[in-house]
Amino acid sequence: MNSITDLAVTRKAQIVFPGLISAVTVALAARFISEHYGAPVMLMALLIGMAFSFLTEDGNKCLEGIEFASKKLLRIGVALLGLGITVQQIASTGHEVLLITLGGVALTIALGLALSPVLGRRTRFGLLTGGAVAICGASAALAISSVLPKSETLERDTVFTVIAVTALSTLAMITYPIIATYLGFSEIATGVFFGATIHDVAQVVGAGYSVSDLTGETATFVKLLRVALLVPIVVVLSLIFSGQQRSGEKRKLPIPFFVLGFAVLVVAGSYGFVPEIVKVALLDISRWFLVIAISALGMKTSLKKLGDVGASAITLICSLTVLLAGFALIMISLTMT
């Protein structure tokens, strides 16, 4: 029995290897460009990956490995993000910060659902873009996409959302410090503003520490608080869409294992079950897995199909970004200044 199992694992590894090593190579290239030229690593991974979309054509031996990277590694990477936040951090949050964070997330997702039909988009697209803007950018888009019902446009919409939130995050990293300075925000208020509004973690850190260490620490904490909200939101979406499998398709667990893993790792990291050195290593692995996954997702996307998304999608995601920033600015002005 063991020999049969070993043979099956070896065979699976041989099938997956060509596509997986292709995605890893793209991820390495994206990380090199990011570290040496300051470009967003997620965006670079997507764009370079899209240049290799021919690898996912029918019959190509890389297809299986690319599918593995875009799904399995993605979910493992999201689960490992749970080590980046602790129960103690959540419990110590002041009511003003909690109100701004929770209110901003709820409002953005609600507006995504409300505005998407107005702009001629499906409500699922509103969920995808609203969740990405509200929670943690590319990581949230990938996690939410993984529990939405499969459709012909889901992967295209996911790639569009990742590109859009990454570009908007980079723009916010540059412009939001100027806005906070103009409004005379304190270092803590500025950190709350960055953490509650900028989409991706890397850009939150970049914007925060460009002001001061205190602003950077505050921004990172508030951002991780938003990341923690990914768990209940993905659980709710999983329960909503769990009955929508196609006929004959095996019914899946309503709550995905990667979401349960995220929650377990939050608790494990909070109470010292995971040594600090291991935690740091696993968080680094998480970042690598997410970059590899998005490289693979880029390989599965063609520019022609991406162009079919339309101007209404761009209008929606930009509107949600502006509305979230406006909400945070108003709430900070009323409660923290």
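## Contacts of L230 and the nonpolar cores

In this predicted model, L230 touches V78, I135, C136, A140 and A143, leaving aside residues up to four places away in sequence; contact means heavy atoms within 4.5 Å. L230 is also, with I135 and I294, one of the residues with the most contacts inside the largest nonpolar core, which has 75 residues. A nonpolar core is a set of buried Ala, Val, Leu, Ile, Met, Phe, Trp, Tyr and Cys residues joined through side-chain atoms within 4.5 Å. Buried denotes under 20% relative accessible area, exposed over 50%, and partly exposed in between (1.4 Å probe, protein chains only). A second, separate core of 23 residues includes Y176, I198, F327 and I332.

The model is predicted: local features need pLDDT of at least 70 and side-chain atom pairs count only at pLDDT 80 or more, whereas totals for chains, interfaces and linings use all residues. Residues are numbered from 1 along each chain as its sequence is written, and side-chain values use heavy atoms, with hydrogens and water left out.

## Aromatic pairs and charges over rings

The structure holds five aromatic pairs. Rings of Phe, Tyr and Trp (its six-membered ring) pair if their centres lie within 6.5 Å; planes under 30 degrees apart count as stacked, over 60 as edge-to-face and the rest as tilted. F125 and F160 form a stacked pair, 6.1 Å centre to centre with 25° between the planes. This pair links distant parts of the chain, 35 residues apart: F125 lies in helix α6 (residues 123-134) and F160 in helix α8 (residues 154-183). Helices are DSSP runs (H or I, at least four residues), numbered from the N terminus. Both F125 and F160 are buried.

The charged end of R121 sits over the ring of F125, 4.6 Å from its centre; the criterion is CZ of Arg or NZ of Lys within 6 Å of the ring centre and within 35 degrees of the ring normal. The charged end of R31 sits over the ring of W288, 4.3 Å from its centre.

## Salt bridges

Three salt bridges are present, each defined by a side-chain nitrogen of Lys or Arg within 4 Å of a carboxyl oxygen of Asp or Glu. R156 and D157 meet at 3.0 Å, N to O, and both are buried.

E276 forms a salt bridge with K279, the closest N and O atoms being 4.0 Å apart. These two residues are separated by about one helical turn because they lie three residues apart in helix α14 (residues 276-299). E276 counts as exposed at 52% relative accessibility, while K279, at 10%, counts as buried. In helix α14, D284 and R287 are also three residues apart, and their side chains meet at 3.7 Å, N to O.
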